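Colleague: Before I rely on the labels attached to this model, I would like to see each one set against its cut-off. Could we go through them in turn?

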Amino acid sequence: MSAPSRRAVIGGAGLAGLSGLALAGCGRSGEGDAKAANGDPPGVAVTARAREFHGARQHGIADAPQAHAVWVAFSLPKAVRRDDVRRLLTVWSDDIARLTAGSGTLTDQEPELAEMVHRLTVTVAVGPGFFERIGASAKAPSWLKPLPRFDQIDGRLDDRWAGTDLCLQIAAESAATVSHTQRQLITAAGRLAKVEWVQRGFREPVAQPHWGSMRNLFGQKDGTVNPVVDGEDDAVIWAGDDAGWFAGGSAMVIRRIVMDMDSWDRADRYSRENAMGRRLDNGAPLTGGDEMTPPDLLAKDDLGFPVIDNGAHMRRAMPRAPHERFLRRPYSYDDSTDPDGTGLVFVAFCADPVRQFVPVQRRLAQADLLNLWTYPIGSAVYAVLPGAADGEYLGQSLFA
Ligand code: HEM
């Protein structure tokens, strides 16, 4: 089959045919692949696992975090209308279905790069401007707005990393796979969406005893306490049936947080462990055990002081009400030797960030020993669209 020209794809010619092709082309990974990707055991082969695109939820949230990720934020140019947005989602859905199944897109000039899937996932999320543009503001989740300002820590926030109309999270075990996918999806958008910013992150490959933990650039085990992704904590991460068209969607919060390596390097080991409430070598709470042992928050030392400091990040971040939970899926960044060049792309997913995330962030802003070495420079909130049902494209119900 000869590939149609890029203009034909973007221009909408033959789109009906395209979505039909998407259906035919993306089911070949077989059932159960996505499920098998959750909680990957150590040493799992990561070269060629393809995903079934269609389903109630998008991939890239419940999957064990891949080693490389990029977040690409787009704005919708003024001239772009509702029908253009629909067309963009149709083309992206088709492209993502193909790429995550291990084949090039219809306009792919380097389809060989798509063959090694490397656990590729693409997650499509939208901002308030997306709903305005398609005349569906009333359907936007009520929490879809910038986070409130946290005065104690937000002084250096830069609009450069603020929320936009659309955002793609692309993740895979190979940086080349991520790069190829990014290029395909930006090219496919053409003039329908303009890139506003790109954030790139990395973490250790999945072969860890506990799938969520990586070592961040402070050397800490990061990701120990997280909701369970295979069912038990669904209500923490995903919008439920009461969310109507948004059931199966989620919120994605992206905070770009600088980690000041120079001042961290000057802190002694005691101060570093005290700031977290956990040991650096094995991630165990300072009250003993191993990484997964619950902390003893009441334990006192010989002088009567709490073993886990009242300002320790772990103590401040713990839920103080059952709803104060969210899935953390952070990545390190190291983009330059500038003072802001190193840190964490802190990414959290939950059903309602105002209710679940904001109280925790507020507590950390008020007092968290880690704030001595970290400060946010970016903050964005997006709604992750629910998955596309068989034969549909992402967000289709909004265009009915
Ligand atoms: C550069 C910034 C940050 C670093 C380096 C960092 C690092 C860590 C580390 C090492 C842990 C302990 C191990 C674990 O359970 O994962 C932890 C726990 C946690 N962090 Fe952070 N974190 C950062 C920012 C944040 C932010 C912005 C939030 C949310 C607003 C947050 C929320 C949490 C939560 C909820 C826990 C688990 C607490 C528990 O229940 O034990 N962190 N973080």
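Modeller: Let us begin with burial: a residue is buried under 20% relative accessible area, exposed over 50%, and partly exposed in between, with a 1.4 Å probe and protein chains only. This is a predicted model, in which local features need pLDDT of at least 70 and side-chain atom pairs count only at pLDDT 80 or more, while totals for chains, interfaces and linings use all residues. Residues are numbered from 1 along each chain as its sequence is written, and side-chain values use heavy atoms, with hydrogens and water left out.

Colleague: What makes Trp373 buried or exposed?

Modeller: Trp373 has a relative accessible area of 10%, and the limit for buried is under 20%, so Trp373 is buried. Trp264, at 1%, is buried as well.

Colleague: How many aromatic pairs does a search of the whole structure find?

Modeller: The search finds 12 aromatic pairs, where rings of Phe, Tyr and Trp (its six-membered ring) pair if their centres lie within 6.5 Å, and planes under 30 degrees apart count as stacked, over 60 as edge-to-face and the rest as tilted. Among them are Phe130 and Phe131, with 5.2 Å centre to centre and 90° between the planes, an edge-to-face pair; both residues are buried.

Colleague: Why is the pair of Trp264 and Trp373 called edge-to-face?

Modeller: The ring centres of Trp264 and Trp373 are 5.1 Å apart and the planes stand at 90°, so the pair meets the distance limit and falls in the edge-to-face class. Trp264 lies in helix α9 (residues 261-266), whereas Trp373 is in the loop between α13 (358-366) and β11 (374-384), so the pair ties together parts that are 109 residues apart in sequence. Helices (H or I, at least four residues) and strands (E, at least two) are DSSP runs, numbered from the N terminus.

Colleague: How do you know that the charged end of Arg256 sits over the ring of Tyr333?

Modeller: The test asks for NZ of Lys or CZ of Arg within 6 Å of the ring centre and within 35 degrees of the ring normal. The charged end of Arg256 sits over the Tyr333 ring at 3.8 Å from its centre, and also over the ring of Trp161, 4.2 Å from its centre.

Colleague: What makes His313 a donor to the iron atom of the ligand?

Modeller: Donors are N, O and S atoms within 2.8 Å of the metal (3.2 Å for Na, K and Ca), and since water is not among the atoms, sites may look incomplete. NE2 of His313 is 2.1 Å away from the iron, so His313 counts, as the single donor from the protein. His313 has its place in helix α11 (residues 313-317).
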